[in-house]
Amino acid sequence: MRTVTSLPHKVEETEHLWIPMSDGTRLAARLWRPVSADVEPVPGVLEMIPYRQRDLTAQRDSIHHPYMAGYGYACLRVDLRGTGDSEGILTDEYLELELQDAQEVLAWMNEQPWCNGRTGMMGISWGGFNALQVAARQPPGLGAILTVCSTDDRYTDDVHYMGGCLLSDNLSWASTMFAYNSSPPDPAVVGERWREQWLDRLEHSGLWLEEWLGHQRRDDYWRHGSINEDYSAVKTPVFAVSGWADGYSNSVFRMLENLDAPTRGLIGPWSHKYPHLGQPGPAIGFLQEAVAWWDYWLKDKTDNGAMDGPALSIWMQDTIEPSTTYEVRPGRWVGEPAWPSPRIEETRYPLGRYRIGEPGSELQSPELGIQSPLSVGHYGGKWCSYNAPPDMPYDQREEDGGALVFTSDPLPERLELLGSPTVELTLSADQPVAMVAVRLSDVGPDDAATRISYGLYNLNHAQGSDNPQPLEPGEQQTVNVELNGMAQSLPAGHRLRVSVSTSYWPVVWPSPEPVRLTIDPTESSLVLPVRPAAAAEDEQVPTFGEPEGAPPIETTQVVPGEQDWQVSRNLVDLSGQLQVVKDLGVVRIENIDLDVTRRAYENYSYVGEDVNSVRGETFWTMGFERDGWKVRTTTKTVLTSTPTDFHVTAELDAYEGDQRVLSKNWSSTIPRDFI
């Protein structure tokens, strides 16, 4: 990334300010704005998230907020109520109180002498979520939003559930927030009240995993904050961004299709990152795009070309060998003038006896059965890559031994795909509760198999995820398993492969009993979104500048970190496990002389074919230290199950210096609801 030190406006930073809410709670914020805004007010841009603007996101914030401020915007970064240095308690995601707070902050911005009353909201992940949710409430002055790595549907496409199946990331993310919520405010900001506020958080933030497991179907809990409940409520222009290695790319397609407001979509090769910091590369000059977006909608510079390009800009990925991490994904930028695109052709490929046939052909096959071992899924990577290598899927040959596999002949010519593949399966299950996992792979001449998309489907959700029903064992049904959206170019000579399994642990929690699926291939098919080559005059090819940003604040790696994934199998007791280490070590934030520790360890295990031996464990350490002030918290969360229930246990210990000041334990049993 190119560091930019000369910008059109001289920028003034206010390191800390308080924003009062109507109930008396004060939210902590940092502000960057042009010095000239005192006499020439400018539009405001709000980012409001729970990840601690003073320390944990300080370096990232220092890259993009001063940059946008240098182009004439007042950029406000706010800690959510109960996080960072803000007062109050945070007890869950996207609460009504959070959205009310955001509206009050926008109103507060509009009243400031440096703001001209026109505002935008932006954010990645949580900040992208609440930008969409606030836009649907149509607050005065909100002129545009920029939402990165977010979703329009909190149940279908979020970290909790996928296709009606329980993701292990539900445990992982709950544990992350468990640890973050245990962190104290900074005494340098809040003064002597820091300890009182910290203990209040420790006592009352709660164990969010219990809440999320209590809503296993798409009920009102998930409908709240899901803008697809009423797309027409969003009248604010939306710039929606994601990456193919991210977990939220599907929502970009849906928002382009369903929003009535002006909408622009961008999907690159990236993981859960802002595109100017995008990994895998290539990263792009995203902040230039952001400034152009704000200029168009908040400054009426409608001749700047911000809306002239394709409605959807995507990175068409080329074939690459399977790997758990990539520096760069080869490919090229392509564009579509609208989505759905009229030039995408749905092409049906019949399935046969372990084969994918040519379009239009007919294949005959007897029924085929599959009952997968619990080892299938250990090379599946994370549901959402957070760029904590190696968290992307490995060679799928490691998984296909426990799956029902259908493979095509070598492709006679290049094949380009854009959109969501669908696998139509006519099948029956021998248990009343069952799921199916479907993977689509690009198989090279050397037989290496790179997963290019996948989908999960809870067979009990055939009548809707709000109305799960038991299966009649042995009764045949036809289901459409929609795979994740993708953009992939496959060269001639490569093969397509569909892999079907009855489990995909630990990506997803297994069914309560071992399941055998019987599939009728002659009544099943693969439907691919084929993108034919466009005429040169019809092709819209987006172009992006090199990534740039303001100079990041200085940090020092005091203690090295560690990133590690280990898959192991014990052939004595037949246990297996995936161990994940995400240790960021100790980092000193120089401008506030603060040492920050973040360390996470996850373990996902099983024994033999016992689906009720599966166990997810997470351990976190958070630490903050400066000039004799030293606090540390440790958290542990364990999730197990029986055929009828989930069991959650958790521990929280907090230390000031070497003295433990709080110890708290949780234990609960939550009935399984057709999962």
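## Overall fold

The protein chain has eleven helices and 35 strands; helices (H or I, at least four residues) and strands (E, at least two) are DSSP runs, numbered from the N terminus. Its radius of gyration is 25 Å, close to the 26 Å that the globule rule gives for 675 residues, so the protein chain is as compact as a globular protein of that length. Here the radius of gyration is taken over C-alpha atoms, and the globule rule is 2.2 Å times the number of residues to the power 0.38. This is a predicted model, in which local features need pLDDT of at least 70 and side-chain atom pairs count only at pLDDT 80 or more, while totals for chains, interfaces and linings use all residues. Residues are numbered from 1 along each chain as its sequence is written, and side-chain values use heavy atoms, with hydrogens and water left out.

Along the principal axes, the C-alpha trace spans about 75 × 65 × 45 Å. Of the 675 residues, 61% count as buried, where buried means under 20% relative accessible area, exposed over 50%, and partly exposed in between (1.4 Å probe, protein chains only). Contact means heavy atoms within 4.5 Å; of the contacts with a separation of 6 or more, 74% are between residues 24 or more positions apart.

## A five-strand sheet

Five strands form an open sheet of mixed pairing, in the order β15-β17-β24-β20-β21. Two strands pair if DSSP finds at least two bridges between them. β15 (355–356) and β21 stand at the edges with a single partner strand each, so one side of each is left without a neighbour in the sheet. β21 pairs with β20 (residues 435–443) in the antiparallel sense over nine bridges. Val-438 stands opposite Gly-455 in β21.

His-65 lies in helix α1 and, at 0% relative accessibility, counts as buried. Leaving aside neighbours within four places in sequence, His-65 is in contact with Trp-32, Glu-47, Cys-75, Arg-77 and Met-122. The C-alpha atoms of His-65 and Arg-33 are separated by 8.9 Å, the two residues being 32 apart along the chain.

Helix α3 (residues 126–135) is mostly covered, with ten of its ten residues buried. Among them are Trp-126, Phe-129 and Leu-132.

## The two pockets

On a 1 Å grid over the protein atoms alone, a pocket is an open set of points where a 1.4 Å probe fits, with protein on both sides within 12 Å along at least five of seven lines; lining residues have an atom within 4 Å of a point. Grid points are joined across faces, edges and corners, and a volume is the space filled by probe spheres set on the points.

| Pocket | Volume |
|---|---|
| Largest | about 1600 Å³ |

Of the 48 residues that line the largest pocket, Tyr-180, Lys-273, Tyr-386, Leu-584 and Arg-598 are the closest to its centre. Elements that each supply at least two lining residues include α1 (58–69), α3 and α4 (169–180). β30 gives the most, with six residues. The lining divides into 25 nonpolar, 13 polar and ten charged residues; Ala, Val, Leu, Ile, Met, Phe, Trp, Tyr, Cys and Pro count as nonpolar, Asp, Glu, Lys and Arg as charged, and the others, Gly among them, as polar.

The second largest pocket is lined by 39 residues, of which Arg-254, Ser-420, Thr-422, Glu-482 and Leu-483 are the closest to its centre. The largest share of this lining, four residues, comes from α9. β21 is one of the elements that each supply at least two residues of the lining of the second largest pocket. By class, that lining has 16 nonpolar, 15 polar and eight charged residues.
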